[in-house]
Amino acid sequence: MKKVILLIAVLPLIFAGVCQAWQQRVAYNIEARLDTLEHKIYATQHLRYFNNSPDTLSSVWFHLYPNAYRDNSSFFAREAEQQQDYRFRHSGPEDKGWIEINSLLVSGNPAELKYGTEYDPPRLPRFGRFSEMTIFGGPNPDDIDIAKRDSFMVYRKSKQPKHVLDSTSASLDLPILVAPGDSIDFYFDFTVKVPKFFSRMGHNGNHYEISQWYPKIAVYDAKGWHADGYHYIGEFYGDYGSFQVGLTVPKDFKIGSTGEEIIDLGDTVSQGNDPTWYYLFAADNVHDFAWCANPEYSEISELHGDIAIKILYRPGQKERWKNVMQYAKDALDYYGKWYGQYPYSTLTVCDGDMAAGGGMEYPNMVIVSTGEDKYTRTLEMVVMHEIGHQWFYGILGNNEMDEAWLDEGINSFSEQRYFEEKYGPDGNYLAKESLRKLLPEASNRNVGRYINYLYAANRMEKHVLTRACAYDETGQYAASVYMKPAARMWWLKDYLGDSDFDRVMQGYCRDNRFKHVTTATFLDAVNNYADKNITRLKFLNGAAGGGYEVASVQNWKGNKDEYSIKLARSGYRYADSGIEVAPVLFEAKDSSGKEYKIFWSGAAKDTTIVLQTQGKLVSANIDPDNNLLETNRWNNCWPRRYRVTLGPRLPSFESYNMFWLPVPWYDNVNGFRLGAMLHGAYLADGDPMVGRHQWTFSPFYGFRSRELSFSFDYQTPVDLRSGASWVERYMFRRLPRAYLTAGSAFGINYAGVGLKRTWGPRLMLDPTESFDLKLDYTRYKDYRFWDPRDVDTAAVVSLIAQRGYGLTRHWGRSSFLSRITVGYIQRPESDINNYLKFELEEKLNVRINKHINPRFRLAAGYIQGPAPAQEQFFLAGSFKTTGLDNMLASGKDWFSTQEHYHVDGGANLPGYYGTHIRGKNLWAVNMTLPIMKSPASFFAGAGQIANDWLEFTAGSIRADAGLSLALGPIRLMFPLWINQPEPGKKQFDWRWTIGFGGSGMSIKF
């Protein structure tokens, strides 16, 4: 065996900038052996730590990240459950991982780590005085006005005990003091158990992705020690230095890693009867070291200039990865042009299984967990995005826990810029030219805007300087850290102009190579290299929670081609707080084609611009590129924009969209029906998406019945707290919807008006609560369209109140719904016209193990008074239809909701279709058991329907069982057994019903 010991030449860099921009430096020398039988790494590590700070150090902190996978008490494990990711919770001991320090020497003296940091959760106290924040390097006191709200709310919502133990960080009292300019040596003997994939580090059989795996010294800077543990959301912060890493792996394993491989190590070493291979890698000016290993990797290598690019892909991926080399070269070229040439000699792209997203970046290496598809540029996006992190994360090393926008936000902007410069601004996320023409809105930048809009419109966005681990969910993190800062970078590019912007970015990257950077560092570069001064508040606040509007356009004093244009802003959360507002671009065009552009400061709430044009004014627009990410942009344009299309399109932020569709159909009563659906909305409204003034009008004509029918629906959010403080707005974040519905179809006249709301602490995750209050009028005119066993011809006025809850835990999901209906029947021949209806429904999705996941439904109902037949409970399933079911189901004959068409509800026993059994009292238990991971399921149920509770006896219980098959949105059900067949029918028989899986969709016909 031959090993080359490299001399680490770091002394010239030790004392760089001690008095001013100092930062510590490290030198790691690691020898590791991978045991693929036990999935363990046995390693030794020599670390030399250089104290370039002005402080004498008596203790240090280390990251022991693999302990995130040790048990359910770690930050990662608990936060995974909070994010409703239960893979780790449900894993066995053999799937978990850890790091054990077998021995530790400090300058030759035995030492012992104090496992488990003990501290309060990161927070800001109520009155803004910092406490116990130094080990986090907490927010700069200057940033308190920005971070206070979000951090305070995270603290108030925290259910954790006052002190929290987590073994992914550990402290060490030094046996000797380390003075400024001195260094100290640490020697570790340690073992790592590699877990299955739960996050970034793991293995799947003989495929290994090894990251955050060695004892890594925490960063010490002017704010103190940054000893953050491993969190579910948030990445890392490390000191720059040099790495020399020797890896011993089983023979035939191919490795991709940080650094450059030492080529002349061709010897094998003996490991029992199996030979092993030894690799040695070296890297300088990096702040981490990661590697991948797999015996089945295939390799493509190419020299791109001075950079050796290596692509490692697994069996079966050759075709899907054939373009990755070109994507890598293009990423290096674009980023090199914009931000300076890639400074390292190697770059590796590894095909991976990482479970923390589509890709992950490490110095000189990226892992990509996806492949090419025929329709989108997803693979190219992931590859170039992760390679882009070689600049923003690698060359410029920010604290990704405290200021993640500096890498994720700037890199997301660069990703969008890459797609627009390479493929144009329209439809550049789509791979096929035909799709790009059909869906020009499907651009990389526009997709990002939708993510941010979801959270902004629901008042759930957070400030970009919120600590990563304090975000409530990953989507919120993506909106605030990726998409919002990306838009601010586009704003900055417009505001500075292209040449100044490029000069700023090149200067920022050149001046801070291999340094830690902060928001202040970035803004200093803007102000040093551009002629315009940008403050932190002006840059980060953007629209400051408000909106802009072209309020009016008029001829100026009757003069031709001279216009008075009033610009206004409104709804500012910080209107009286003194927080600066970013200037906004105003653009106008006239009939001669001339464009007029100015930046409006927005300092006043309204400003009038007098514009002399060379022709008739054609358009006026505030923030034409949507760089301020307002939640209402329709009023930014003059004239207001409308778009009418055949068939739906992606929502537009700038126009009110309308589409129409011809809808032919057939039923037994109407015969052939010809109709259309007309739909309009600003964006689209359907929780969690927030649109405005959404309506659907659907006229139909039945050629056999000669009936003209229609339905109309309208809903829009209503802001009941528009003038509230941020505290009140925090408590009333998600907006309620006012809605109305009306129509005349199938012999029914109906109308209703209501108010509904869904809310919860997070947008996309439980727990959730819902409320719906509706006043409804329905009149069944005759029996032409309905089976007389199912309806009474009557007019009913009802007030319906519905309350729902949803909760997800490691054992499954529970949803509870209660509904109360107070009804009045217009029957002059009856003395009692009122009825009261109660309904309760509980649904439980239970996880027993990864193969057995039954779903249960418990239902009960009670009606007091003479409710009409259509309002009673039905045995086979729901009688009422909503959404697409209104069009698909007939009201009578063989394809009605009590025959072969099934809609969930009532006792939900589809085996009893055709019986038309209904009543005023209900109880039912239903179960569905998916068969492994197939589309088939076993179902069974039992229940009773009666007009009096006294009729509920053991002998009257009805039950059914059978198989169901899900084919996309269609659900086929085969109730093969029932316990009480009607006379002349069998218990075991061939029966079938069909249902539409989207029952209840808010599209009506």
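Predicted model: local features only at pLDDT ≥ 70, side-chain atom pairs only at ≥ 80, totals over all residues.
Colleague: Why is D353 called partly exposed?

Modeller: D353 has a relative accessible area of 23%. Buried means under 20%, exposed means over 50%, and partly exposed is anything in between, with a 1.4 Å probe and protein chains only. Residues are numbered from 1 along each chain as its sequence is written, while side-chain values use heavy atoms, with hydrogens and water left out.

Colleague: What makes D353 and R314 a salt bridge?

Modeller: Their side chains meet at 2.9 Å, N to O. A salt bridge needs a side-chain nitrogen of Lys or Arg within 4 Å of a carboxyl oxygen of Asp or Glu, so this pair passes. The two residues are 39 apart: D353 sits in the loop between β22 (346–351) and β23 (359–362), and R314 in the loop between β21 (307–313) and α4 (324–339). Those labels come from DSSP runs numbered from the N terminus, with helices being H or I of at least four residues and strands being E of at least two.

Colleague: Buried or exposed, what is R314?

Modeller: R314 has 16% relative accessibility, so it counts as buried.

Colleague: How many salt bridges does a search of the whole structure find?

Modeller: It finds 51. One of them joins D288 and K216, where the closest N and O atoms are 3.7 Å apart. D288 is in the loop between β18 (274–286) and β19 (291–294) and K216 is in strand β11 (residues 216–217), so the pair ties together parts 72 residues apart in sequence.

Colleague: Why do D288 and K216 count as buried?

Modeller: D288 has 2% relative accessibility and K216 has a relative accessible area of 4%, so both belong under the 20% cut-off.

Colleague: What do the side chains of R857 and E841 do?

Modeller: They meet in a salt bridge at 2.6 Å, N to O. R857 is in strand β45 (residues 855–864) and E841 in strand β44 (residues 834–846), 16 residues apart. There's also a network: R819, K837, E839, E871 and K880 are joined by salt bridges that share partners.

Colleague: Why is K493 called buried?

Modeller: K493 has a relative accessible area of 12%, so it is under the limit. This lysine lies in helix α9 (residues 474–496). Leaving aside residues up to four places away in sequence, K493 touches F413, R417, D498 and F501, where contact means heavy atoms within 4.5 Å.

Colleague: What makes the link between the side chains of K493 and D498 a polar contact?

Modeller: The distance is 2.9 Å. The definition asks for a pair of N or O atoms within 3.5 Å; within protein, one must be able to donate a hydrogen and the other to accept it, and residues adjacent in sequence count only if both atoms are side-chain atoms. So the K493 and D498 pair qualifies.

Colleague: How do you know that β49 and β50 pair?

Modeller: Strands pair if DSSP finds at least two bridges between them. Strand β49 (residues 936–946) and strand β50 (residues 958–967) have eight, so they pair, and they run antiparallel. F939 stands opposite G962 in β50. Next, β50 pairs with strand β51 (residues 970–978) over seven bridges, also in the antiparallel sense. Two residues lie between the strands of that hairpin, and G968 takes a positive phi near 65 degrees.

Colleague: What makes L740, V753, F771, L773, L775, L799, I820, V822 and F838 a nonpolar patch?

Modeller: Patch residues have over 30% relative accessible area and no salt bridge; like charges are joined within 9 Å, and nonpolar side chains (Val, Leu, Ile, Met, Phe, Trp, Tyr) within 5 Å. Together the patch residues have about 710 Å² of accessible area, computed by the Shrake-Rupley method with a 1.4 Å probe, where for residues only the protein chains shown count as cover. The largest share, three residues, comes from β41, the strand where L775 is found.
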